[in-house]
Amino acid sequence: MITINLELILKVLLGISLTILLILLFVILIRVISIVSKINSLLEKNKEQLENSISQIPNLVKNSEKILENTNANLEKVNILVEDVTDILKASKRNIVNSSTSVSTTLENIKNLSSNVAESSKYIAHNFIGKTSESTNSGGILSTIDTILDCWDIFKTLFKKKK
């Protein structure tokens, strides 16, 4: 019969179990080391990218300052243009008011002038009718000259009023 040595079997099983456990620990250690090395390489890449980004910050700040300065200059120009347009609009409004006042005054002057012309025509007709009815062929030349002189005086007063 075969004698079973339990102690020996337990030692062999324990040795095999320890070997398997050591192999598993070794595999797990290799996996952990590979994960850590991947993480390390990613961290290195991120560090390089971060350093590059940090080195570009001063240039970005300078560019931003230039853009802001240009924007401020452009805004000042726009403000000046808006002020100029406002001034032009105010001046245009004044000119329109002045022009309408001038047109109104001119129309009033034309009305007065046409009234004066009507009165003068009426006066000339009245004088002409009065002179022709009073004259009886005696002194016809003198009455004609007198009428012409009256007309001359009327036209002189009309032209003085126009000026």
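Leucine 6 is exposed, at 59% relative accessible area (exposed means over 50%, buried under 20%, and partly exposed in between, with a 1.4 Å probe and protein chains only). In this predicted model, local features need pLDDT of at least 70 and side-chain atom pairs count only at pLDDT 80 or more, while totals for chains, interfaces and linings use all residues. Numbering runs from 1 along each chain as its sequence is written, and side-chain values use heavy atoms, with hydrogens and water left out.

## Helix α1 and leucine 113

Leucine 6 sits in helix α1, residues 6–134, and leucine 113 is found in helix α1 too. Leucine 113 is partly exposed, at 25% relative accessibility. Its C-alpha is 8.0 Å from that of leucine 158, 45 residues away in sequence.

## The whole chain

The chain has two helices and zero strands, taken as DSSP runs numbered from the N terminus (helices H or I, at least four residues; strands E, at least two). Of its 163 residues, 5% are buried. The accessible surface is about 14,700 Å², with 67% belonging to carbon and sulfur atoms; areas come from the Shrake-Rupley method with a 1.4 Å probe, and for residues only the protein chains shown count as cover.
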